[in-house]
Structure formats: structure tokens, C-alpha cells
Amino acid sequence: MKKFFEEFKKFAFKGNALDMAVAVVIGASFSAIVNSLVNDIISPIIGLLVRTDFTDLSVNLFGVNIAYGSFIMQVINFLIVAFVLFAVIKSINKVTSLGKKEKPKEPTTKKCTYCLSEISIEATRCPHCTSELPKMMPKSEAEKEKEE
């Protein structure tokens, strides 16, 4: 049982678990802000345009009340949250990619020294002019490190 609690302690106080807990709390707070935005600002503005309160829009079918106005407001809530999350994730990805350098790709072709046609880097004879090409020596590890 002691080992179980030690494992739980490692998990609970690991960076990822704490980050997730903070994200859940911030997400719940953000949800309240978005709900207020939709219910207190966007819904009344839309209500002015269509001259009705969206939350009151419903249809009664066979004694069952279907509140489609409330559904429309929830869809608007979702779209706002999805847009904000998209913007946040896109900006985080952009910031994290700023510090990374892309390694240049190894060349796959070379030019024939005689006819200047582009050929495979592994070719020993040009397929265009049939000239025999000098062999390319593979780079040593020291030369590769020197370039970087």
C-alpha cells in the first residue's frame, strides 16, 4: 500500500499532472466568461436583429418542448471556445517553432561536370552524355560536424 501512495505522489506532483489540473481550472473559468459573453452580450444583440429573445425560441411537438434557441446559443458558445483555442494553439506553435532550426536536407542530385545535366548523386556515369563521373568520397564525421 505504501508503494501505491509513493507512485501516486510521483504522478500527482509531476509537471504534466499539475499542468493539466491548472488547465482544467482555467478552462472552467474561461467557460464561464464565454457563457456570459454569449448570454449577456451576443444573444441580446442577435435578439435585437431578429426581434426576439433566442432563449425563448422553442417549438412544442406532441407535448414536448424543443428549445432550439438554447441550442443555437450553445453552438455559438462552442464556436467561440473553438476559435479561441485555435488561436491560442496556433500562437503557441509559432512561438515554439521560432527557436528551432531546420536542418538542411542532404542533396539527392548533382550536376554532371561535362554536360551540366542534373543526375542522381549516386550516379557514376551520366545518363545524358554517358561520361564517366569522378567518384564522390563520403564525408567524414569530422567534416560533417565542421559544417554544422
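Mentor: Let us begin with a term for the interior: a nonpolar core is a set of buried Ala, Val, Leu, Ile, Met, Phe, Trp, Tyr and Cys residues joined through side-chain atoms within 4.5 Å. Buried means under 20% relative accessible area, exposed over 50%, and partly exposed in between, with a 1.4 Å probe and protein chains only. The model is a predicted one, in which local features need pLDDT of at least 70 and side-chain atom pairs count only at pLDDT 80 or more, while totals for chains, interfaces and linings use all residues. Residues are numbered from 1 along each chain as its sequence is written, and side-chain values use heavy atoms, with hydrogens and water left out.

Trainee: Which residues make up the largest nonpolar core?

Mentor: The largest nonpolar core consists of seven residues, namely V34, V38, F54, L57, M73, I76 and I80. Two or more residues of this core come from each of α2 and α3, and α3 gives the most, with three residues. A second, separate core has five residues, among them I119, A123, C126 and L133.

Trainee: What is I80 in contact with, beyond its neighbours within four places in sequence?

Mentor: Contact means heavy atoms within 4.5 Å. With those neighbours left aside, I80 is in contact with V34, L37, V38 and I42.

Trainee: What makes a stretch of the chain a helix or a strand?

Mentor: Both are DSSP runs, numbered from the N terminus: helices are H or I with at least four residues, and strands are E with at least two. The chain has four helices and four strands, in the order α-α-β-β-α-β-β-α.

Trainee: How does the reach of α3 compare with the span expected?

Mentor: The expected span of a helix is 1.5 Å times one less than its number of residues. Helix α3, residues 68-98, has 31 residues and reaches 45 Å from its first C-alpha to its last, close to the expected 45 Å.

Trainee: Which residues of α3 are buried?

Mentor: In α3, the residues G69, M73, I76, N77 and I80 are buried. An α-helix has 3.6 residues a turn, so residues three or four places apart point the same way.

Trainee: Why is L116 called exposed?

Mentor: L116 has 56% relative accessibility, and therefore counts as exposed. L116 is found in the loop between β3 (109-111) and β4 (118-120), and has a positive phi of about 60° although it is not a glycine.

Trainee: Why is P107 called exposed?

Mentor: P107 counts as exposed because its relative accessibility is 51%. P107 lies in the loop between α3 and β3. The C-alpha atoms of P107 and I121 are separated by 7.5 Å, and the two residues are 14 apart along the chain.

Trainee: Which residues line the second largest pocket?

Mentor: On a 1 Å grid over the protein atoms alone, a pocket is an open set of points where a 1.4 Å probe fits, with protein on both sides within 12 Å along at least five of seven lines, and lining residues have an atom within 4 Å of a point. The second largest pocket is lined by I26, G27, F30, S31, V81, V84, L85, V88, I89 and I92. The largest share of this lining, six residues, comes from α3.
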